[in-house]
Amino acid sequence: MGFSLSRGQNLQISNIGNSIYSKKKHKNFYTLILPKFISKYGTVDSIEYLGNSKCLKTLKKGDLIFGAEGFEKGRSIVVIEEQEKVITNIHGITIQQEEHNANKAIYVKCILDYFRNKGLIDLYAVGGNGGSLAQKYWDIIPFPNFSTEKQQEIAKLYHNPIIYDLKKSKLDNFLALDDEFNSQAGIYELDKTAKQFQAILNQAIESIIENKPVYMKFNL
């Protein structure tokens, strides 16, 4: 299918020198997506940022991060949008393609999720402490040869790019618009908007605590 496998970036000091880790994004820092923070749904629970002067191995649109080790192995995420300086660590396998086709990558991710749910990823892995699905064992994993149309249909369950314009919404029609969006959105869109709404809510609560006017702008 045009994919290649490799390990993520080795972040040890002996390999890349000293680094600065941060919970906040800073200019020229790398966005660090660790396999341990990937949920079973293919969303990220936490992101860190890493400052390092070297040119590290980055990921592009259409690439996958696959957690290959431990008891929670098999969780994965696709880089949906073109981003700069996204990396993972050596505990993740990076599945990359020259085509940068997000739908094809999502299809592969969905099939891997299916195998994980059926317990097959655990059977393919070897070793203790949850085992590891090493690169040399990937040749035995059978992928169904679905048509491009079927692959796109499956991919929409994870990523269905719908225009979500709430700028003109009001309190009396917000729920209807939101319900319509949620009925079509993929996992990626649901997670992204949920986090945006959480940020809006947190800001409103902070304003109430500080006895300031509350402004809720739904400019998603």
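L64 of strand β5 (residues 64–67) stands opposite V78 in strand β6, where helices (H or I, at least four residues) and strands (E, at least two) are DSSP runs, numbered from the N terminus. This is a predicted model, in which local features need pLDDT of at least 70 and side-chain atom pairs count only at pLDDT 80 or more, while totals for chains, interfaces and linings use all residues. Residues are numbered from 1 along each chain as its sequence is written, and side-chain values use heavy atoms, with hydrogens and water left out.

**Confidence**

- The mean pLDDT of the protein, where pLDDT is the predictor's confidence in each residue, from 0 to 100, is 89, and 95% of the residues reach 70 or more.
- Confidence is lowest in helix α5 (residues 174–184), with a mean of 84, and highest in strand β4 (residues 48–51), with 96.
- Where pLDDT is low, the predicted coordinates should not be read in detail.

- Strands of a sheet pair through backbone hydrogen bonds, either parallel or antiparallel.

**The open sheet of four strands**

- Four strands form an open sheet in the order β2-β4-β3-β7, and their pairing is mixed.
- Because β2 (20–22) and β7 (86–87) stand at the edges, each with a single partner strand, one side of each is left without a neighbour in the sheet.
- Strand β2 is joined to β4 by three bridges and the two run antiparallel, with I20 standing opposite G51.
- Strand β3 (residues 30–32) is likewise joined to β4 by three bridges and runs antiparallel to β4; in β4, the bridge partner of Y30 is L50, and that of L32 is E48.
- In β4, E48 and L50 point one way and Y49 and G51 the other way, and all of these residues are buried.
- Y30, which lies in strand β3, counts as buried because its relative accessibility is 4%.
- Y30 and A155 are 125 residues apart along the chain, and their C-alpha atoms are separated by 28 Å.

**Helix α2**

- Helix α2 (residues 102–117) has 16 residues and reaches 22 Å from its first C-alpha to its last, close to the 22 Å expected at 1.5 Å a residue, where the expected span is 1.5 Å times one less than the number of residues.
- The helix is mostly covered, with 12 of its 16 residues buried, among them A102, K104, Y107, C110, D113 and F115.

**The largest pocket**

- The largest pocket holds about 510 Å³ of space, a volume being the space filled by probe spheres set on grid points that are joined across faces, edges and corners.
- On a 1 Å grid over the protein atoms alone, a pocket is an open set of points with protein on both sides within 12 Å along at least five of seven lines, whereas a cavity is a set of points where a 1.4 Å probe fits but cannot get out; lining residues have an atom within 4 Å of a point.
- The largest pocket is lined by 20 residues, of which V44, I47, Y188, D191 and K195 lie nearest its centre.
- The elements that give two or more residues to this lining are β6 (76–78) and α6 (187–209), and the largest share, four residues, comes from α6.
- By class, the lining has 10 nonpolar, five polar and five charged residues, where Ala, Val, Leu, Ile, Met, Phe, Trp, Tyr, Cys and Pro count as nonpolar, Asp, Glu, Lys and Arg as charged, and the others, Gly among them, as polar.

Terms used:
Pairing = 2+ DSSP bridges. Buried < 20%, exposed > 50% of the residue type's maximum accessible area, 1.4 Å probe, protein only.
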